[in-house]
Amino acid sequence: MDFRIFTEPQYGATYDDQLGLALAAERLGFNAYFRSDHYSTMSSQSNGLPGPTDSWVTLAGLARETSTIRLGTLVSSATFRLPGILAIQVAQVDAMSGGRIDFGLGTGWFEAEHRQYGIPFPEKRFGPFEEQLEIITGLWNTPIGERFSYDGSHYQLVDSPALPKPAQAHVPIIIGGAGASKTPALAARFADEFNSWRAELELTAERIARVRAACEAIGRDPGELVFSIAGTTAVGGSAADLTRRADATGQPLEALRSSGFAGTASEVVDVLGALQELGVSRIYFQVLDFADHDQLDYLAREIAPQLG
């Protein structure tokens, strides 16, 4: 199992806050530092000060100030950027990092933030999302010196030079969600990793099974995919630590025990072990308190070694 740190900076984090946590995650041996792609908070409990930071601008900075840890989005919103521009941005940040980017892409869902920042919010989003995946991978896979054109219902590209290329020969693509048919089909076609949120084991098993079946339906080996789980995290060795860290998430500790990763090391290891038996090999610990580097230390020292 490998372990990643996942953050939600829209609730209130400067670039320096994010850099500090990313450097701590790198120092402690986590596989990756990820962030959300949102411009607004979803909760009235946070005013979001000092204001949002753009995911790809942030990752470009982190690419130059870290050296080994992988970086990425969970997930970028297809509604925020035109696919040709997004392909350039991701390729450039991948080059700036020396080939350390994983690219998560989703349909986009939070309508309020679109209204707040004047971003069009289409009624139907799976069509544009699928076309973005086709275009971005098409641009990256077009050999240097050749041109790429695309005539879709939502996007048209004519005679694109399909540049620049990422530093990696293949940028890992992450697709996630809980959909019963469309999401598994897209994951089977495009993804290197399928991600979903922590849920009951039976539901998680069903989601994984649907993706595996979608792979088999198109003749792809399901073993090529990484299956990952994300969850809000509040861990510690004392009741005081657990209460404080749960309070920082805005959720009750007992709720986090079933919907995230919460509790003592032994409690969380039991949950992770059960997920591992289902075929999950990657975990995203969602950390909401950027100042609490001690929680990362606890994860790295008390939990990760038991399942590494």
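**Close-up views of a predicted model**

At 3% relative accessibility, Ala162 counts as buried. This residue and those shown in the views below belong to a predicted model.

**View 1. Ala162 and Pro164 in the loop between β7 and β8.** Ala162 sits in the loop that links β7 to β8. Its phi is near 60°, a positive value in a residue other than glycine. Pro164 is found in the β7–β8 loop as well, and a cis peptide bond with omega of about 0° joins Leu163 to Pro164. Most residues other than glycine have a negative phi, and most peptide bonds are trans.

**View 2. Asp159 in strand β7.** Asp159 is part of strand β7. Phi of this residue is near 55°, which is positive although the residue is not glycine. With a relative accessibility of 42%, Asp159 counts as partly exposed, because that class lies between the limits of 20% and 50%.

**View 3. The cis peptide bond between Leu74 and Val75.** Leu74 and Val75 are joined by a cis peptide bond, with omega at about -10°. Val75 is placed in the loop between β3 (70-73) and β4 (76-77).

**View 4. Packing of helix α2 against helix α3.** Two packed helices are described by the angle between their axes and the distance between the axes. For helix α2 (residues 55-65) and helix α3 (residues 83-97), the angle is about 15° and the axes are 8 Å apart. α2 is therefore roughly parallel to α3, since angles under 35 degrees fall in that class. The crossing of α2 past α3 is left-handed. On the α2 side, the contact is made by Trp56, Leu59, Ala60, Ala63 and Arg64; on the α3 side, by Leu86, Val90, Val93, Met96 and Ser97. Eight of the residues in this contact are nonpolar, one is polar and one is charged.

View 5. The 16 residues of α5 should span 22 Å at 1.5 Å a residue, and the end C-alpha atoms are 22 Å apart, so the two values agree. Buried residues of α5 include Pro128, Phe129, Leu133, Ile135, Ile136, Leu139 and Trp140. Glu131, Gln132 and Thr137 are also among the buried residues of α5. The elements that cover the buried residues of this helix include α3, β5 (101-106), β6 (148-151), β7 (156-160), β8 (173-176) and α6 (182-190).

**View 6. Gly138 within helix α5.** Gly138 lies in helix α5, which runs over residues 126-141. Its relative accessibility is 15%, so Gly138 counts as buried. Gly106 is 32 residues away from Gly138 along the chain, and the C-alpha atoms of the two are separated by 17 Å.

**View 7. Buried residues of helix α6.** In α6, the buried residues are Thr183, Pro184, Leu186, Ala187, Ala188 and Phe190. Their cover includes α5, β8, β9 (193-197) and α7 (201-217).

**View 8. Pro120 in the loop between α4 and α5.** Pro120 lies in the loop between α4 (111-116) and α5. At 63% relative accessibility this proline counts as exposed, because the limit for that class is over 50%. Leaving aside residues up to four places away in sequence, Pro120 touches Thr79 and His114. Pro120 and Thr79 are 41 residues apart in sequence, with a C-alpha to C-alpha distance of 7.3 Å.

Note on methods: Residues numbered from 1 in each chain as written. Predicted model: local features only at pLDDT ≥ 70, side-chain atom pairs only at ≥ 80, totals over all residues. Heavy atoms only, no water. Helix = DSSP H or I, 4+ residues; strand = E, 2+ residues; numbered from the N terminus. Buried < 20%, exposed > 50% of the residue type's maximum accessible area, 1.4 Å probe, protein only. Axes fitted to C-alpha atoms, helices over the stretch in contact; angles between N-to-C directions. Parallel < 35°, antiparallel > 145°, perpendicular 65-115°, else oblique. Left-handed = near helix turned anticlockwise from the far one by under 90°. Contact = heavy atoms within 4.5 Å. Nonpolar A, V, L, I, M, F, W, Y, C, P; charged D, E, K, R; others polar. Expected span 1.5 Å × (residues − 1).
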